[in-house]
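Let's look at a structure together and learn to read its features one at a time. Have the sequence and the 3D view open as we go.

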Amino acid sequence: MEYMNFFIFVGNFILIALAWAMTYTGLPGEPAAILGTLMGIDFIAGVSAARKSGLVVSSQRMRVGIISKFGVLTIPLVMALTAKGLGADLNWLVNWSISLFILSESYSIIANIYAYKTGKVVPEFDAVAAVLKRVRGLLDNFDKREN
């Protein structure tokens with residue numbers, strides 16, 4: 001029972017920290033909520049597709065999936081905090097990344113439903129790599145302007 005109280009405390013702390021950061025940075029709440037909802041649906045669809053295909057769904061694998069989803073949620077937040085810290089207007093980048101993650105989660109949900117129905121796995125789209133590539137391009141351009 002002590003572990004449960006600890007997890008509730010940590011969960012509440014994370015929610016409060018996220019709410020503060022979203023308010024502080026002006027991160028759009030509705031798209032972030034949509035992304036979080038789609039991630040929850042994708043998680044359930046992914047577990048269902050894995051079970052249907054006979055894969056072992058362990059608590060360890062589920063924990064890794066949840067941590068991965070949480071990591072994706074923090075990317076736009078980190079970008080918004082970075083922009084605020086630099087005094088730069090990078091709202092377009094934050095909004096673009098959230099939109100890309102929403103599209104990626106939608107694709108993943110549809111792919112998981114397809115895999116559940118047909119047993120055929122569809123290749124995933126790596127939205128994190130696409131965002132990383134865009135941020136890298138911005139860093140390269142920024143570095144060239146400074147030199």
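**Reading the features, one by one**

Q: Where should I start? Which residue forms a salt bridge with aspartate 140, and how far apart are the closest N and O atoms?
A: Arginine 136 is the partner of aspartate 140, and their closest N and O atoms are 3.2 Å apart. One thing to keep in mind from here on: this is a predicted model.

Q: Where do arginine 136 and aspartate 140 sit in the chain?
A: Both belong to helix 5, and because they are four residues apart there, about one helical turn separates them.

Q: Are these two buried or exposed, and how do I tell?
A: The idea is to look at relative accessible area: under 20% is buried, over 50% is exposed, and anything in between is partly exposed. Arginine 136 has 52%, so it counts as exposed. Aspartate 140 has 32%, so it is partly exposed.

Q: How many salt bridges does a search of the whole structure find?
A: Three. Salt bridges can also share partners, and here that joins Asp42, Lys69 and Glu105 into one network.

Q: How do I trace that network?
A: Take it pair by pair. The side chain of lysine 69 meets that of aspartate 42 in a salt bridge, at 2.5 Å from N to O. Lysine 69 is in helix 3 and aspartate 42 is in helix 2, so this pair ties together parts that lie 27 residues apart in sequence. Lysine 69 also meets glutamate 105 through their side chains, with 2.9 Å from N to O.

Q: Why are lysine 69 and aspartate 42 called buried?
A: Lysine 69 has a relative accessible area of 19%, so it falls on the buried side. Aspartate 42 has 6%, so it is buried as well. Glutamate 105 is also buried, like lysine 69.

Q: How much of the chain is buried?
A: Of the 147 residues, 24% are buried. The accessible surface comes to about 10300 Å², and carbon and sulfur atoms account for 67% of that.

Q: What should I know about nonpolar residues in the interior?
A: In soluble globular proteins, nonpolar side chains tend to be buried together. In this model, the largest nonpolar core has 18 residues, and Leu27, Val94 and Phe101 touch the most other members. Helix 2 (29-52), helix 3 (59-86), helix 4 (91-118) and helix 5 (127-146) each give two or more residues to this core. Helix 4 gives the most, with seven.

Q: Which residues does valine 94 touch?
A: Leaving out residues up to four places away in sequence, valine 94 touches Leu27, Pro76, Met79 and Ala80.

Q: Which nonpolar residues form a patch on the surface?
A: Phe9, Phe13, Ile14 and Phe70 do, with about 410 Å² of accessible area together. Helix 1 (residues 2-25) supplies the largest share, three residues. Phenylalanine 70 is in helix 3. With a relative accessible area of 35%, phenylalanine 70 is partly exposed.

Q: What about a loop? Where is valine 121 found?
A: Valine 121 is in the loop between helix 4 and helix 5. Its relative accessible area is 75%, so it is exposed.

Q: Last one: how confident is the prediction?
A: Check the average pLDDT, then compare elements. The protein chain averages 85, and 97% of the residues score at least 70. Confidence is highest in helix 4, at a mean of 91, and lowest in helix 5, at 80.

Definitions and conventions: Residues are numbered from 1 along each chain as its sequence is written. Side-chain values use heavy atoms; hydrogens and water are left out. A nonpolar core is a set of buried Ala, Val, Leu, Ile, Met, Phe, Trp, Tyr and Cys residues joined through side-chain atoms within 4.5 Å. Buried means under 20% relative accessible area, exposed over 50%, partly exposed in between (1.4 Å probe, protein chains only). Contact means heavy atoms within 4.5 Å. Patches are made of residues with over 30% relative accessible area and no salt bridge: like charges are joined within 9 Å, nonpolar side chains (Val, Leu, Ile, Met, Phe, Trp, Tyr) within 5 Å. Accessible areas come from the Shrake-Rupley method with a 1.4 Å probe; for residues, only the protein chains shown count as cover. A salt bridge is a side-chain nitrogen of Lys or Arg within 4 Å of a carboxyl oxygen of Asp or Glu. pLDDT is the predictor's confidence in each residue, from 0 to 100.
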